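Dear colleague,

I am passing this structure on to you, and I would be grateful if you read the notes below alongside it.

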Amino acid sequence: MYHFITCLEFLTRLRFSQRSEWHDDDFSRSVPYFPLVGLVMGLFMAAVNYGLVWLDTPTFMRAVLLILAELVIIGALMYDGYMDTSDGVFSARDRERMLEIMKDSHVGSNAVIALVCLVLLKVAAYTCIEPLKLSYAFVAMFVATRTFMVLYIVNYPYARKTGIGHMFKAYAKPVYTYVAFGLGLALTAACGLPYLYTAAGALPTSSQGS
């Protein structure tokens, strides 16, 4: 439970402990629990979506409120990483310069444009997908994406010798991949086979991009 709480507090805005000191092995040992944290995220978003549908909220407004709900409870950690990556990758510089740009706290135009495109795509998806199917999609999506994170943390080299990512990788074990994928497959399949197929189809594309 301790390591699950560590993972939950890092990946969301939820806080259950009063810890002031964190150690690398705390983060590394929390890695297998990523799919369970994804389940918590997905269930939360599914519940918000269901509540907005029950309140007969207009489709576009429901999509915008879902984005806001994600930011309030889950936080903007993934958006921050996405924007840093966009700034670095689309800078068309060499590897070392890209890493410097990604570490820079300032936000560039590439990051802003990429974020706007991402939010627009999310709003479009939320308005196009049938509400009930969207609730299942939320659970499957958050579980699958957090499961893929374990694959990358454990099996791919980290770009830097220090940093948040290094803390997760430092003591991570290969077996964590199997544990996470077992959980991820079971939870995603519970939402329905179409969601499992979609997640599996996204894996090769994501792996090549990394």
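**Overall architecture**

The protein contains eleven helices and zero strands, where helices (H or I, at least four residues) and strands (E, at least two) are DSSP runs numbered from the N terminus. Read along the sequence, the pattern is therefore α-α-α-α-α-α-α-α-α-α-α.

Please keep in mind that this is a predicted model, in which local features need pLDDT of at least 70 and side-chain atom pairs count only at pLDDT 80 or more, whereas totals for chains, interfaces and linings use all residues. Residues are numbered from 1 along each chain as its sequence is written, and side-chain values use heavy atoms, with hydrogens and water left out.

Of the 210 residues of the protein, 35% count as buried; buried means under 20% relative accessible area, exposed means over 50%, and partly exposed lies in between (1.4 Å probe, protein chains only). The protein exposes about 12100 Å², of which carbon and sulfur atoms supply 67%, with accessible areas taken from the Shrake-Rupley method with a 1.4 Å probe and, for residues, only the protein chains shown counting as cover. Among contacts (heavy atoms within 4.5 Å) between residues at least 6 apart in sequence, 70% join residues at least 24 apart.

**Helices α1 and α3**

Helix α1, residues 2–11, is mostly covered, with seven of its ten residues buried; these are Phe 4, Ile 5, Thr 6, Cys 7, Leu 8, Glu 9 and Leu 11. In helix α3 (residues 34–54) lies Val 48, which, leaving aside its neighbours within four places in sequence, is in contact with Leu 66 and Ala 69. Val 48 and Ala 69 are 21 residues apart in sequence, and their C-alpha atoms are 7.6 Å apart in space.

**Salt bridge and cysteines**

A search of the whole structure finds one salt bridge, that is, a side-chain nitrogen of Lys or Arg within 4 Å of a carboxyl oxygen of Asp or Glu. The side chains that meet in it are those of Glu 70 and Lys 122, at 3.0 Å from N to O, and the pair links distant parts of the chain, with Glu 70 in helix α4 (residues 59–74) and Lys 122 in helix α7, 52 residues apart. Glu 70 is buried because its relative accessible area is 6%, and Lys 122, at 18% relative accessibility, counts as buried.

The search for disulfides, meaning pairs of cysteine sulfur atoms within 2.5 Å, finds zero in the whole structure. Cys 117 counts as partly exposed because its relative accessibility is 40%, whereas Cys 128, at 68%, counts as exposed.

**Aromatic pairs**

Three aromatic pairs are found in the whole structure; rings of Phe, Tyr and Trp (its six-membered ring) pair if their centres lie within 6.5 Å, and planes under 30 degrees apart count as stacked, over 60 as edge-to-face and the rest as tilted. Phe 148 and Phe 181 form a tilted pair, 6.4 Å centre to centre with 40 degrees between the planes. This pair links distant parts of the chain, with Phe 148 in helix α8 (residues 131–155) and Phe 181 in helix α10 (residues 175–191), 33 residues apart. Phe 148 counts as buried, at 11% relative accessibility. Elsewhere, ring pairs link Tyr 126, Phe 138 and Phe 142 into a cluster.

With best wishes
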